[in-house]
Amino acid sequence: MTTQVRTEPITVNLGPQHPSTHGVFRMRVTFDGEEIIDVEPIFGYLHRGSEKLAEERTYVQVVTLTDRMDYVGSMLNNQAYMLAVEKLAGVEPAPRGVWLRMIASELQRIASHLVAVGFLIQDLGAWGTPLIYTMREREKILDLFEMLCGARITNSYLRPGGVFMDAPEEFWPAMNEVLDELPPRIDDLDDLLTDNDIIFSRTKGVSILTPEQMIDASITGPMLRAAGVDWDLRHRDPYDYYDQVKFDRPLHTAGDNFARYWVRVQEMRESIKIIRQCEQLIEPGPIRPEHDDVPWLLRPPVGDAYAAIEHSKGELGFYLVSDGSISPYRCHVRAPSLINLTLLRDMLVGELLADMFVSFGSVDINMGEVDR
Amino acid sequence: MSKAWDGAKLAEAIHKSIPDVVVDANGTDIWIEPDSVLEVMRLLRDDAEFQFQLLSSVTAVDYISYFEIVYHLTSLTRNATAVIKSKTGFGRDEARIPSVVDIWRGADLQEREVWDLMGIIFEGHPNHKRIMLWEGFPGHPLRKDLATYEQSIVPEAERRVPSGVANEVEEGQG
Amino acid sequence: MNSTFLDNSLFRNIYCYLAGGSDGCASRGYDTAILPAGFEWLAFAITAFIIINIVINAGLGAVIVYIWGERRILGRIQNRTGPNRWGPFGMFTSVADAIKTLFKEDIVPDEADRWLFNLAPILMVFPVLMVLAVIPFGVGTFVVDINVGILFVIAVTSVSGISVVLASWASGNRISIFAGMRSVAMLISYEIPMALSLIGVLMLAGSMSLGAIVEAQDLPFILVQPLGLFVFLIAAQAETSRTPFDLIEAESELAAGYLNDYSSMKFGIFFLAEFLATIVASMLIVTLFLGGWRGWDPIPSQVWFAGKTVLVLLFIMWMRFSWPRLRVDQILVLAWKGLFELTLINIFVTAILIAIWPDPGMTELLIMSVINWIVFFISVWLVSKLLRPSDYSAPTPQPNRPAYPVATDELPDEVAYTGGATR
């Protein structure tokens, strides 16, 4: 005789206030025991209408809005926006400014990946130790930003055609010191985490996404490279002076949580290489075009422009439309964080509750950018 | 370095397979008929001549007299890009366009965002709900005619909320 | 009255001060008696009350110090200072926290089952305090030495599992229910290896009394019973739900698990019980495997005991702060496929060795420990080999083998736009 235990699925709201949602994000999850059978992401808790606000600000003022989209990748946001403005207005950037913003954005990429890796481990349940180690390294990078522009998180460092302030004398030795210290720290991270059996068995083979699935869903960045797709805009469509520097694109073929984590750790090393080369190639000169060429109140000709960069989270694009006035007529952000969440349901269904936030964290999203 | 399709050449290439859908071409951009979006996009993704596997971005611009939907496409295999635009909603009445979610799943959240903020209806979207704002928010904030909150309030009867959606979201509090 | 109580020096001093004329006291040289004859029961009650108070308060004090110590060490491990504002070295931080917790508003959710909701914290803290009663803290320093001490410990600690289920169910919170279900699965699974890992100790000591086990450890059982210690350490971590087994209150998944709806001192009691359980677990490890209070003169036995306990606590903290959490299925697999087998191997080998040397001297014990350590390494290596995911291998970077064709086909120049940069 068989006895049937009557079970029923249970629906739980996780978020918007939850320790692991990386901000204010809500998921309505239906569980069968511990197994996830349905997920519905609910966005918008951090929506500030940045795109609408941009329509009432001048082109330079919009920079501050971009800082606040992905607040762990401000420099990269600045860079994407500036590329779009330069394309729209036909500004020829000053070489030293471009080198400086490449250095700044690569430093920011390291900082952003450190946050992603640290919080992924935190989602796995570590008691904060690896997170604090990564945060310590990020702190040093933020100190460098403070030297560059006076701000740590919301930098607003870039201007059309370059940057607003040259790096001070003491920036270069300080940066070299940080870059010297980083590789051993990343090795430490590798020792503590990559070779850890618990992390390996928790992340290996969980939430596998195939390249075809991800390309269909417009997912870009480290997630795509973790599945073996060699698509990095810095390499495939070099903006700024990325065609003059040499770097590898770390690829992993598994496409699971571990691969996504691994690719990020390796990309930090590549970013260090890029910064070293930039430091060699940078030359004295003006940091932005003359004021007569590029006035503060920029009035680009009527038209539209789309510029995209390889953000630490994926392809970050700005689509700007100008009507010839001092502010954008339309400013659209192609936010990698939002679009990378397209496959959230596919990633989570069939996994366990414990892996849910690990998979979610491995996407590396930032609610400021998802909701804008 | 990625290369972009020249608008005129792209229009010509599309014309060979699907005649009379391209309205205009300029620079890298082409404008197509809104009704033919599904057909053209399927061609652009599947045809060996185009191979646009990745939909970079979907957005919309409010040009007062009409709305323009902008698709940025990327081909990974050919490292090429193209910009497809489509004008709809002349006279600011019902602006609608077929949804491309069936072709690229990446359009899912982006089209919801465009509906939410710009008020373009994507026909055939599997989950046509607001994404950033709450169900029942009056108006669509990125439209140029949205002035103030009070002015934008739409009478209950005229709100375009899919039936039952608003209540459904609030269920299941855990 | 059981005369073993009078072996307890603290008990003897108080009791015989009150009732010196009674049999046991007179034979031990006490003559003063405050209470008249016939009131031995009152003397017993007063003494027991005082002793219990001392032990419970010492336990709570130890928790306060332990929380402070853990936060300081966590700070050191994480490259920061830890609490250092309130009192010398921040020692009063936990006191301030305790006072703050007392003054918080006590909230009972509408959906909660009020009676069970209030009962759960009490059920949680009681067993832990009861275990304290049978632990010998030093020569003549114990509350009671019952002859089934180990059985008592195992029986009493299993109650805490029920309290977790009660708390999670009574909260009426769906997230807490997950914690309850997990606790049922995990706590019950780990009780079996925990109990079985002590069989070897029992066989060697020939007694279930904790006092007798300490007496029997001429050679600390860590040397003779490495496998038992290994299993007991892991199982005790799981029973006290410390990282990497903290999935009952997994912060990143369930917010606070079964504690979600508890506030004020009810939360405080849970918190206290959890930390006290860790201390008690390390005291048990010291008693059963590290020779208990035994040490060398002139350092008093109580200091030896405390020092060893701190060492074990440091080890547990180190584990806790370094590793991420295991998933629920992996934890159960570890209990049933790993630790359970290890305990059986341990019992088997120890039984054979005891059969060969029924009354081992020091030389025989040393031979036994060599054999046991060899068995320990081989069996742990074998079990870890079996439990590891079969596809375990170090990730190899494959930079030149993209799985998906990218930029294999150039866009012909005749259709490419030449008017400038486009992306």
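Two residues are in contact here if their C-beta atoms, placed from the backbone, lie within 7 Å. With that in hand, 32 residues of chain A are in contact with 27 residues of chain B.

A word on the source: this is a predicted model, in which local features need pLDDT of at least 70, side-chain atom pairs count only at pLDDT 80 or more, and totals for chains, interfaces and linings use all residues. Residues are numbered from 1 along each chain as its sequence is written, while chains are lettered from A and ligands numbered from 1 in the order in which they are written.

Let's look at chain A where it touches chain B. Helices (H or I, at least four residues) and strands (E, at least two) are DSSP runs, numbered from the N terminus. Elements that each supply at least two residues to this side include strand S1 (10-14), helix H1 (50-54) and strand S8 (330-334) of chain A. The most comes from S7(A), with four residues.

Chain A also meets chain C, through 49 residues of chain A and 39 residues of chain C. On the chain C side, helix H8 (174-197), helix H13 (251-254), helix H15 (301-322) and helix H16 (328-356) of chain C each supply at least two residues.

Five bridges join S1(A) to strand S2 (residues 26-32) of chain A, and A:Leu14 stands opposite A:Met27 in S2(A).

Conventions
Pairing = 2+ DSSP bridges.
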